[in-house]
Amino acid sequence: MSDTIILEVARFNPESDAEPSYESFEVPLRPDWMVLDGLNHIKDQLDGSLAFRWSCRMGICGSCGMMVNGVPTLTCETLLMNYAPGPVRVGPLDHFPVVRDLVVDLDDFLAKLQKVRPWVVRKDDFKPAREFIQSPAQLESFHQFSLCINCTLCYAACPVYGLDPNFIGPAAIALAHRYNLDSRDQGIEDRLDIVSRHEGIWDCTVVGECSTVCPKHVDPSLAIQQYKLTATKEWFKSFLLPRGKH
Amino acid sequence: METSSHDILIIGGGGAGLRAAIEIAELDPKVDVAMVSKVYPMRSHTVSAEGGAAGVAGKDDSVDEHCYDTISGSDWLGDQDAIEFFCNEIPKELLRLEHWGCPWSREPDGRIAVRPFGGMKKMRTWFAADKTGFHLLHTLFQTSLKYATIARYDETFATRLLVEDGAVRGVVAIELRTGKIRAIQAKAVIIATGGCGRVFPFTTNANICTGDGMALAYRAGAPLKDMEMVQYHPTGLPFTGILITEAARAEGGWLLNKDGYRFLQDYDLGKPTPTPVLRSMELGPRDRVSQAIFGEFEKGRAFHGPYGDYVHLDLRHLGEHKIETRLPMVRELCLKYENIDPVREPIPIRPVQHYMMGGVHTDINARTSLNGLLAAGEAACVSINGANRLGSNSLGEILVFGARAGRSAIETVRASGSGNETAILAQARDEERRLEENFLHKTGGAERIAKLRDEMQRAMESGCGIYRERNSLVASANKLRELRERAANLAIDDHTRTFNTQLTAALELGYMLDVAEAIVHSALDREESRGAHQRRDFPKRDDQKYLAHSVAHQAAEGPPRIEYHPVVITRWPPGERVYGR
């Protein structure tokens with residue numbers, strides 16, 4: 001096997017380029033190198049102007065998501081060897097505006113996170129002197145949805161978001177669902193407008209591209225389907241219980 | 001140049017910065033608070049903390065015992081008033097996180113679960129499986145979104161503190177997306193930028209941990225304290241330096257040398273038992289356990305690998321269920337980065353730079369020696385960690401002192417008059433000129449950033465690692481001098497405004513060189529061995545001379561000026577550190 005591999009890396013400099021192009025770099029192919037190690041080799045040794053985000057290099061900070069051979073991928077935990085003999089094509093995440101090279105604009109995602117009110121809402125102002133009692137089963141009911149690292153791979157994979165940027169999207173819905181399911185939270189009604197105001201959720205089918213690409217095995221697709229059910233139930237409740245009307 | 005102003009500006013969006021922001025928003029919604037962070041807050045390195053956060057929880061435990069463990073763990077270099085305050089506050093902070101939604105692991109009855117941790121005599125470490133830092137950071141970030149009054153400058157890189165008439169009045173920062181240079185004025189600035197592990201070649205720290213805030217403060221005239229106190233975590237993966245949490249040993253993992261022998265028994269850390277015993281063997285403090293592993297390397301009783309010597313962390317006897325429920329991330333990391341399953345194979349590990357006990361010198365209220373400047377978290381040194389931090393005390397520290405910094409900053413704002421804006425903005429324009437001339441328009445330099453960074457990291461490891469001595473430290477200091485001169489001749493070939501990461505890498509290198517110099521000279525001056533600072537040429541602790549914090553001031557020319565401040569001793573006179581007997 002060759003001891004190098006070609007990385008075709010997306011380049012786009014908004015100050016000089018009309019549109020993106022791909023540039024090829026030859027990098028060492030080492031058994032323990034991740035795709036990110038290849039990119040860092042380029043930046044450190046070949047071309048210091050290449051722009052990409054990375055930080056923890058252990059799959060938990062969520063910075064280094066990119067399209068690798070067309071698939072949304074966390075580059076710090078994906079072996080370069082998986083793509084041998086290459087070439088490997090590395091591009092910015094789909095469905096987001098490109099800022100430069102491999103860096104995308106995440107403003108929309110950050111705004112959506114805030115919209116779902118991802119914090120514990122208490123209607124009764126109850127603050128126990130100690131902790132809220134929460135059984136391991138109650139914790140388990142929402143735990144997987146709390147594991148989202150906000151890497152936005154699911155947005156890059158989501159066909160609905162690709163067509164309609166108004167769609168609130170997989171990670172944000174999973175996060176809303178995470179708080180709705182948390183026994184300490186009472187904000188479920190506050191988060192209903194996520195589905196009522198954002199039509200996109202009803203366009204989402206059970207294809208589940210989002211869940212397939214999730215590097216943390218969160219199942220946003222499941223969250224979305226469960227959310228639809230919750231929304232329908234709450235909607236009916238709003239007719240039955242006057243309290244829910246406003 | 002764009003200008004804006006706030007009452008309080010927080011630099012750094014990790015645990016300490018977010019906790020400070022929430023404290024300010026809750027205490028006084030009229031206070032205008034903003035946060036500058038070079039990454040989106042949820043990317044901050046707090047996210048990588050794994051094992052847990054210590055806070056007295058059980059009926060069998062007491063604040064005094066947490067204090068004693070922390071003080072003896074610090075090799076008596078921690079300030080006892082600060083430690084007592086910290087140990088009293090931390091359970092309240094952890095409870096607050098619980099109320100904010102942190103998914104703490106639970107006992108079957110629904111109460112918070114606690115686990116043992118190194119150097120702790122009681123089970124008091126709260127945890128969220130082995131992703132405690134991740135959950136803590138996301139809980140804080142998400143909770144902060146509730147407060148409309150917290151303004152954020154995300155992906156904005158601070159380059160200089162603005163100081164006028166002896167008081168800090170804001171920062172100059174580059175907005176990465178546009179390359180715009182901003183002057184952001186404030187009546188109080190909180191530094192919460194975390195550590196500087198990237199000055200070492202082999203570290204658990206993220207790429208962003210480049211000592212920015214430490215260097216900003218140091219350059220502005222606020223000294224750095226106890227910088228020689230560098231923590232090596234015993235268990236890092238050999239190639240990447242990725243952390244395998246101490247919780248792996250707390251849950252019952254063993255450290256074995258190449259003969260399958262639990263070698264810690266040879267290093268005055270107790271006798272092996274089948275199940276973990278608190279403050280003994282694998283539950284010893286990090287400095288002692290890392291030094292023991294290094295001892296095995298020297299005795300030739302370790303394995304040899306392509307990335308240096310290593311020993312084994314064996315979890316196999318814990319069984320798949322325990323590993324999967326208590327240590328899921330350990331398994332995930334081993335599978336992904338070492339292609340081994342800890343359920344079936346032992347994990348290769350070696351000691352790895354992990355944490356800075358030292359940092360910006362603050363008092364118990366998070367105030368630095370500069371008016372208007374506060375600091376909290378790893379960037380700061382209060383000091384509660386002294387010469388060796390205990391595992392699971394750092395997540396507590398960012399909460400307690402982050403909140404404290406927020407509170408103190410409000411007091412500063414209330415007491416503060418208006419500064420001389422003309423002078424402040426003139427200073428900001430000077431900085432803008434420096435950035436333009438030295439970096440953005442610079443041509444013709446010859447030195448590669450990555451090469452200088454590599455040479456710095458190697459000099460730090462060879463001269464200022466787990467064991468140090470005068471000759472090795474002098475060699476490192478000389479090398480750093482040379483690198484500083486060569487850094488003036490950096491090759492900058494990216495002159496684009498938009499998301500210029502070559503510019504930030506160059507600025508980070510400058511920060512790291514300053515911080516590295518403080519580390520090396522503080523280590524050179526401390527002629528004793530204490531905690532994480534082990535001098536071959538001075539192997540004994542010397543309380544006569546060095547029961548004191550080193551405080552390094554940056555000099556206009558030449559090495560830093562180092563002075564010593566006495567340690568605060570209240571109820572626990574210096575004694576012997578006893579583990580496992």
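1. The largest cavity has a volume of about 740 Å³. The model is a predicted one, and eight cavities of 30 Å³ or more are found in the structure. Lining the largest cavity are 49 residues, of which B:His45, B:Thr46, B:Gly194, B:Gly195 and B:Glu378 come closest to its centre.

2. What is the make-up of the lining of the largest cavity in nonpolar, polar and charged residues? The lining holds 24 polar residues, 18 nonpolar ones and seven charged ones. Four elements of chain B each contribute at least two lining residues: helix H1 (15-27), strand E7 (156-164), strand E15 (347-356) and helix H10 (394-415).

3. The peptide bond between B:Val382 and B:Ser383 is cis, with omega about 15°. B:Ser383 sits in the loop that runs between strand E18 (380-381) and H10 of chain B.

4. Strand E18 of chain B belongs to an open sheet of five strands with mixed pairing, in the order E18-E16-E10-E21-E22. E18 and strand E22 (561-566) of chain B are its edge strands, and each of them pairs on one side only. Strand E16 (residues 359-361) of chain B runs parallel to E18(B), and two bridges join them. One residue pair to look at here is B:His361, whose bridge partner in E18(B) is B:Cys381.

5. Two helices of chain B lie across this sheet's strands. Helix H14 (residues 501-525) of chain B lies across E10, E21 and E22, and its angle to E22(B) is about 60°.

6. Chain A has its own open sheet of five strands, ordered E2-E1-E5-E3-E4, again with mixed pairing.

7. At the E4 end of the order, strand E3 (residues 65-68) of chain A pairs with E4(A) in the antiparallel sense, over four bridges. Within this pairing, A:Met67 stands opposite A:Pro72 in E4(A). The loop between E4 and E5 of chain A contains A:Pro87. A:Pro87 is joined to A:Gly86 by a cis peptide bond, with omega about -5°.

8. How is chain A divided into domains? The domain assignment gives domain 1 (4-104) and domain 2 (107-240). The C-alpha centres of these two domains of chain A are 30 Å apart. Their contact takes 15 residues from domain 1 and 15 residues from domain 2.

9. One further backbone feature in chain A deserves a check. Phi of A:Arg117 is near 50°, a positive value in a residue other than glycine. A:Arg117 is located in the loop between helix H2 (107-115) and helix H3 (136-143) of chain A.

Definitions and conventions
Residues numbered from 1 in each chain as written. Chains lettered and ligands numbered in written order. Predicted model: local features only at pLDDT ≥ 70, side-chain atom pairs only at ≥ 80, totals over all residues. Heavy atoms only, no water. Pairing = 2+ DSSP bridges. 1 Å grid on protein atoms, 1.4 Å probe; cavity = no way out; pocket = protein on both sides within 12 Å on 5 of 7 lines; lining within 4 Å. Points joined across faces, edges and corners; volume = space filled by probe spheres on them. Nonpolar A, V, L, I, M, F, W, Y, C, P; charged D, E, K, R; others polar. Domains from an automatic or database assignment. Contact = heavy atoms within 4.5 Å. Axes fitted to C-alpha atoms, helices over the stretch in contact; angles between N-to-C directions.
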